[in-house]
Structure formats: C-alpha cells, structure tokens
Amino acid sequence: MKMDIEPIKPAIGARIHVDRADFTRPELAEQCAELLEKRQVLVFPRLNASDEEQLAFTDSLGGRINLTGESAGDSPDVYNVTLDPKLNKFPATVLSTFFYHMDGLVGKRDMTPPKATVLSGRVVPAEGGDTEFASTYAAYEHLPQSEKDAFEELQVEHSMYAGCRNFLDQLPQEHVEMIKGLPVNTHPLVWKHDSGRKSLVIGLTADKVVGMEPAEGRALLARLTEWAGQPDFSYKHTWEVGDLVIWDNPGTLHRARPYDKSSGRSMHRTSVAGHEMVK
C-alpha cells in the first residue's frame, strides 16, 4: 500500500495521498490513528469515498457513534450536515457549526466525546463553506507557564443553551424551551489525556467558569478560543467534491465558514466512538 503524507503546518494538518482501493485496509487505519494525535487533521483530497467506505473506515478506527440519531438517506449512522430542510429535519441546529466547537461535550451526562470525526464533501458551495480547525493541544502547550498553572484546576460549565445562544431567535419557541431544559455538563478547562498530553476544553458550548463572575469567565473563554484559532495553530480547508477529512475531536475545535443555504452544501459526517472521558 502506497501512502504519501504531506504536512500542512508545523502544529496542525497533513494531506494523505492514497488510492481509494486502499482506503478501507486495516493498515491504513492503524497509520491514521497514530497520525491523528500528532497532526490533529488529516485530509484525503478528492478521495470520493462512498458512505459504505466511510463507515468501514470509521469502524476500523474504533467503532462508530451516532450523535444525532439521524441518518443520510439509507445510510445508517451517516449524518447529513446541511441547511437544506429537504435533507435535514432540523437544519437550524446546523447553524451552530458556524462557531468553533467540539463534538460531544453536551447532551447526556457522563458522555464520552467521540475520538474522531470524519467528514466528506458531497455538495460544495461556490462561496463560503470552508471548514476551519484549531488545535487545542497547541493552544495549551504554547500558553505561558503562569497561565497553565492558573488554569489547571478550573472547571467550566457547558450547555446546549450556550451552544445555541447565537441563533436562538431563529428557532421555534418550543425548541428554545426544550434546549433550556437540557442538562449542564461541567468539564475541566484543561483535559489531561491518557497519552500524557493536555488540551483546552473550550468552544461554543463553554458558558461559565466555576467560581468566576459570568462576564469575567466568558471573557477568558473567548480569549482562549481566539488564542487557539490563531494562524500558527489552525488550518482552513477549502472543500472540493470528494474530499474527506478526519480530525482528532478531543484536541481540535472546528467551524464552518457561513454559506448560502440555497447552495445545497452537503457534508456526510460519521463519528468514531471515544473511550476517554474529559478529565
């Protein structure tokens, strides 16, 4: 099997050039699993993998998890990320993807966030719709030691309500009331991974820092998100039809650049089951 690895930036990203026929081979999954923690984001340009191949790849990395319970057509556990109401029953929830976030931090209590997320481009808009990734490993590692020490024991409340705050006025009132009733999850600001590395647990769902005044805590969280998104720690992917991207969900924020909903932008997402609680 021939596999060429092309680093994108020193702190994040790699392009993986491989034949589609080799995409579901176990040895490819093994190499990708090793690369994910080092590079965070792996890009397979114009791979044109089918849903079945994407699911097989997802399973080979550790099994799948369906975060929404929705499926794209007849493909189980494939979620169609689109604003098209004909293809997505709840397109308004996709608006949260315009802001930096991590999958699996809110919802059920004691949920294990996905190990990785796999996304393939099916319909690409002429303008907008790029996906940006930010390494929360690099963001933590480059903090001054004084801030690392100060953040070590901080706890942050995460909620679906905070994740939807920027577009609540676009949701039906009954959805707003339902979101308000969902549980608030508390996570450490600094995730101490089993590997020994540490990363920041931040993004759209992060709402309040325990023990701080709300405004002070939110200002800190906003500053850290900006810090993580700086050019040295981030990568912007401009999609072409058939591209497939996988990223290390526990150590990477992601967001989509806004796009015209009439463009029909469609991304098929699968999620690799996680086995590490935020701690």
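This is a predicted model: local features need pLDDT of at least 70, side-chain atom pairs count only at pLDDT 80 or more; totals for chains, interfaces and linings use all residues.
**View 1. The largest cavity and its lining residues.** On a 1 Å grid over the protein atoms alone, a cavity is a set of points where a 1.4 Å probe fits but cannot get out, whereas a pocket is an open set with protein on both sides within 12 Å along at least five of seven lines; lining residues have an atom within 4 Å of a point. Grid points are joined across faces, edges and corners, and a volume is the space filled by probe spheres set on the points. By this rule there is 1 cavity of 30 Å³ or more. Its lining consists of 11 residues, with Ile 65, Asn 66, Asp 77, Tyr 79 and Arg 269 nearest the centre. Strand 16 gives the most to this lining, with 3 residues; helices (H or I, at least four residues) and strands (E, at least two) are DSSP runs, numbered from the N terminus. By class the lining of the largest cavity has 4 nonpolar, 4 polar and 3 charged residues, where Ala, Val, Leu, Ile, Met, Phe, Trp, Tyr, Cys and Pro count as nonpolar, Asp, Glu, Lys and Arg as charged, and the others, Gly among them, as polar.

**View 2. The largest pocket, with a volume of about 1,200 Å³.** The lining of the largest pocket comprises 47 residues, and those nearest its centre are Leu 67, Thr 68, Thr 93, Ser 96 and Met 160. Two or more residues of this lining come from each of strand 5 (79-81), helix 5 (160-164), helix 6 (173-180), strand 15 (252-256) and strand 16 (266-272). Divided by class, the lining of the largest pocket holds 25 nonpolar, 15 polar and 7 charged residues.

**View 3. The second largest pocket, which holds about 370 Å³ of space.** Among the 18 residues that line the second largest pocket, Gly 203, Leu 204, Ala 206, Ala 222 and Thr 225 are the closest to its centre. Strand 12 (206-209) and helix 7 (214-228) each supply at least two lining residues, and helix 7 gives the most, with 5 residues. The lining of the second largest pocket divides into 9 nonpolar, 4 polar and 5 charged residues.

**View 4. His 158 in strand 8 (residues 155-158).** His 158 counts as buried because its relative accessibility is 0%; buried means under 20% relative accessible area, exposed over 50%, and partly exposed in between (1.4 Å probe, protein chains only). The side chains of His 158 and Thr 205 are joined by a polar contact of 2.9 Å, a term for a pair of N or O atoms within 3.5 Å, of which, within protein, one must be able to donate a hydrogen and the other to accept it, and residues adjacent in sequence count only if both atoms are side-chain atoms. Leaving aside neighbours within four places in sequence, His 158 is in contact (heavy atoms within 4.5 Å) with residues including Leu 105, Val 106, Pro 183, His 187 and Ala 206.

**View 5. The largest nonpolar core, of 27 residues.** A nonpolar core is a set of buried Ala, Val, Leu, Ile, Met, Phe, Trp, Tyr and Cys residues joined through side-chain atoms within 4.5 Å. Phe 151, Leu 189, Leu 200, Ile 202, Leu 221, Leu 224 and Leu 253 touch the most other members of the largest core. Helix 7 gives the most to this core, with 4 residues. Apart from it lies another core, of 24 residues, among them Leu 168, Leu 171, Ile 179 and Trp 247.

**View 6. Two loop residues, Gln 40 and Asn 48.** Gln 40, in the loop between helix 1 (26-39) and strand 3 (41-44), has a positive phi near 70 degrees and is buried, with a relative accessible area of 1%. Asn 48, in the loop between strand 3 and helix 2 (51-60), has a positive phi near 60 degrees and counts as partly exposed at 40% relative accessibility.

Methods: Residues are numbered from 1 along each chain as its sequence is written. Side-chain values use heavy atoms; hydrogens and water are left out.
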